[in-house]
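Hi,

Here is the structure I promised to pass on. Have a look at it first, and my notes on what I found are below.

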Amino acid sequence: MSVTSIDTAISSLWAKKSDTNGNLMWLPLSVHLNDTMNVASWLWNHWICEGQRRNIINDMENGSEELAEATVAFLAAIHDLGKATPAFQTQKGYSSSEDLDQQLLERLERYGFTGICEIAERFQKLHAQTQTSHAIAGEVILYRMGVLDDISSIIGAHHGMPADSVEIYRNQEAYLENYYQSENPKADIYQLWKSVQEQIVQQALEESGICSISNLPKLTMPDQVQLCGLVIVADWIVSNENFFPLIPIDQETVPDLQERFLVGIKKWYQTIPFEVHLPENADLLYEKRFGFHPREFQRIIFDTVQMIDKPGLVIIEAPTGGGKTESALACAEQLAAKSGRSGLFFGLPTQATSNSMFSRVYEWLTSVSNEYETTTSLRLQHGKAYLNELMQKLSSNMANDESYESQVQVNQWFAGRKTSALDDYVVGTIDNFLLAALKQKHLMLRHLGFDKKVVILDEIHAYDAYMSQYLSEALSWMGTYGVPVILLSATLPKAKRAEFVQSYLKGAGLKKREIDLNGANLDTDAYPLLTYTDGNAVRQTTEFPAERPKKVSIKTCSEEDLFQLIGELIQSGGILGIIVNTVRRAQDITVECKKLFPNIPVELLHANFIATDRIDKENHLTQMIGKDAVRPERAIIIGTQVIEQSLDIDFDVLITDLCPVDLLLQRIGRLHRHDIKRPKEHQTPTTYVLGMNADMKFEHGSELIYGACLLARTQYFLRDEIRIPDDVSPLVQKVYDISNVTMNLPPGLNAQYCKWEDDFINQEMNQKQKAEAYRIDNPRTRICPEKNNLIGWLNTPDVSATDEESYAKVRDIDETIEVIAVRRFGEGYCLFSDNFNDAHDISSFINDPLIAKKIATQSLRISSGMIRMAGGLSHVIRLLEDYNRMNLPEWQKQPWLKGALGIIFDEKGEFQLGDDGPVLRYSSEYGLRMEKKEEYE
């Protein structure tokens, strides 16, 4: 069989087909492979960062720039090799007409694939493509040709999921007809398919410059992950018909493949990542970026980082309000220059903290982009990002004004759930980083995105043992890639500090005996503290200028005396903050305060508000008692944990439920936060703690959330005064060093405490074991002949399909249900935010995308406690699904509302779950609460 006839046969294979309004279109497989090869090579040279390229080259056996680029081109040029099989070529199109399918089959017949029209219907009935997906087919074909599985498994994984086991090779022997149209190796058609597949591989070898299979490099597993991600991105770009269009069915091929590539790639990229230079000095950088000279604390961090030769992990422990954010952003520029990174991920605990940080990063990035005279892309990454005003503004400008030019833009190509991590600069919740350790389809894209960046993670003390498993594993993979990571905390237990350092260096390929501590003490309680790695060395800086300590008086208050204390504290003026541990408790206290103090503003903030209401309340509080705000004479601010983690607000005096010491210190961080004039009665920062008693009988909700062990230890070690920063780290270490720091309790109480301690230890062990089920394995940094592929990397009994499911897995949170809340108005409904005098029925305008989008913003979360009260998750979901089918069927026809569960509350803001179920009550004043039917009646 001549090469010419084989090439002719190849030219008849299709990769894509479409029937749009009677226009029959197709794309030859050879064109698609050429497009992907060109784009992947461009991404290698222009889109991924220098640090990524350098790392991949160094990990390759006999690696070089030329070999690495050739390998990328080769992988892209064969990624759809499995489409050169009868199993794929006989597939029906998803939206194609039978006429188009038939014309393509007839073309195959004319070009040598005799009999394919006859077997097409039988193949389709046998579900040949299900038995032999084209990704697995490509992997198996390469394996049979002698390509090692470090390369072939990348092809098998290019749709996001590697093969689960090597049994895939053996199993495919039962489906030879799917590969060769015949099970007889001597048959002409068998030989044609085999020759076609071999020729596609040989052309890829020659065009890439590899030339021979024997010249293919051996790749480490982390490199396989990166290169697989790169091939996926290239494939997705060329699969976008706006960039790389299909051609008419009567057209044989594309006349100018190079011109097609240049036009397509120009349409795709809006911004090209850029690499920053190493800043000269702290004063110049801080003045340019933030408009002020650095504090001595910030200068020491800058100067220390400036001396790091091989950057890795940096941990900054310092008090709240001490300037850690500016230090981290300055440090990010230094580390980006040293490591060849071209982007940033800034992760925070909550959506609220992410929203707040987004505007700060925008201002910083605008300064960076202006200095380098380039445009770059910025994204807010969490489930409610579309509600953020700045994100809306940036997106709207890009979408509605083609002439709009700004140094910082929103690149819509990265708007998808799986592409957002690939964007240049990203601010989001910590979940997005933790997901780098979760077995999940297309995980290689997340790794590719993080490998391009410097990573900053704030408030890392806020994660339990379960989440820490994912954090440690993700840090280990960052260590493998050489990604600089900056961890920020005001209250970090020393065990966590040591765990994070060891995880990162383990990922970098270091054994414990190879780590050079040289005087660094990971158990130290020095504070502030800078801990960092430099290659295999761990170093620390403890010599920071002494600050005048803020002395916080700690007093106790009984539950019975709470409202009397509130009256006494607020009588002389000032802003009183009350932070409690449960939403219901915050609501009850708010109701009572409004009764007792009708002339004093009382504000409530917790997680059970409609999303738009919560954002409005957060903005209102920031404007009311934030930095530089014009403060009211008196006010009572009541809230839950969202206040401790979220807002830059300032209380004159604080009342708080007892909680673990690190969180207590975070709450205290909202007390006397700024240097402002205060009422004379509140000149001394004072915190009143509820729930402390000699019998250690803790409030039920608090114990349910935090466990009695940490509450008991916090109460035991808490003194009448806390000096910040001097006492912060010693206090945290005492509470969390359970195995070494004991408590002297009375015999009866000690027995009870020992049980609490056992429960705490067992819970941590259970959380760690539970996390392992969905967590990826440690990176294999060395080329190991026995196991050097992606096979089984993401093997799990439960692959998460949605963000909600994924976030739940990395946070180990109880099940909650998100609903869309509207209020009855006449025969239809309106938004809760609509005043009754101005409200109108929007139900008849549901087909208007703007109305549907606005309704979608009215999300509200039903808590796990409410779900339990209402009969359990399955029961509540079934009730809501039945309700939606009957009352809101039109929502499922709208893109913004499809899949959502809606609730129409009545005019009083009430909704009963089932005939005999509890009643949900919502108001913009108190948020959502639930009452049992008998309580309501």
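Predicted model: local features only at pLDDT ≥ 70, side-chain atom pairs only at ≥ 80, totals over all residues.

A quick word on naming before anything else: helices (H or I, at least four residues) and strands (E, at least two) are DSSP runs, numbered from the N terminus.

First, the whole chain. There are 38 helices and 26 strands in it. The C-alpha trace spans about 95 × 75 × 60 Å along its principal axes. For 937 residues, a compact globule would have a radius of gyration near 30 Å, and the chain agrees with that at 31 Å. Of those 937 residues, 59% count as buried. The accessible surface is about 38400 Å², and carbon and sulfur atoms account for 47% of that. If you take the contacts between residues at least 6 apart in sequence, 76% of them join residues at least 24 apart.

Back to Pro725: a cis peptide bond joins Ile724 to this proline, with omega about 15 degrees. Another cis bond links Tyr527 and Pro528, where omega is about -5 degrees. Pro528 is in the loop between α24 (494–507) and β11 (529–534). That loop also holds Asn518, which has a positive phi of about 45 degrees although it isn't a glycine. Asn518 is exposed, at 59% relative accessible area. For context, most residues other than glycine have a negative phi, and most peptide bonds are trans.

Asn62 is one more non-glycine residue with a positive phi, near 55 degrees. You'll find Asn62 in the loop between α3 (50–59) and α4 (65–78), and its relative accessible area of 68% makes it exposed.

Now for helix packing. Helix α32 (residues 728–736) packs against helix α29 (residues 661–668) at an angle of about 150 degrees, the axes being 9 Å apart. Angles over 145 degrees count as roughly antiparallel, so that is how α29 and α32 run relative to each other. On the α29 side, Val661, Asp662 and Leu665 make the contact, while α32 brings Val728, Leu731, Val732, Val735 and Tyr736. Sorted by class, this contact has seven nonpolar residues, one charged and no polar.

Is Gln197 buried or exposed? It has 2% relative accessibility and so counts as buried. This glutamine belongs to helix α13 (residues 188–208). Leaving out residues up to four places away in sequence, Gln197 touches Leu81, Ala84, Thr85, Ile141, Tyr179 and Tyr180.

Ile141 from that list is also one of the buried residues of α9. Helix α9 (residues 134–144) has nine of its 11 residues buried, so the rest of the structure largely encloses this helix. Among the buried ones are His134 and Glu139. Just past the end of α9, Gly146 takes a positive phi of about 95 degrees.

Last one: Glu275, in the loop between α15 (257–268) and α16 (282–290). With a relative accessible area of 34%, Glu275 is partly exposed. Not counting residues up to four places away in sequence, Glu275 touches Cys49, Glu50, Arg53, Gly340, Arg341, Ser342 and Tyr372.

Cheers

Definitions and conventions:
Residues numbered from 1 in each chain as written. Heavy atoms only, no water. Axes fitted to C-alpha atoms, helices over the stretch in contact; angles between N-to-C directions. Parallel < 35°, antiparallel > 145°, perpendicular 65-115°, else oblique. Contact = heavy atoms within 4.5 Å. Nonpolar A, V, L, I, M, F, W, Y, C, P; charged D, E, K, R; others polar. Rg over C-alpha atoms; globule rule 2.2 N^0.38 Å. Buried < 20%, exposed > 50% of the residue type's maximum accessible area, 1.4 Å probe, protein only. Areas by Shrake-Rupley, 256 points an atom, 1.4 Å probe, with all protein chains shown as cover.
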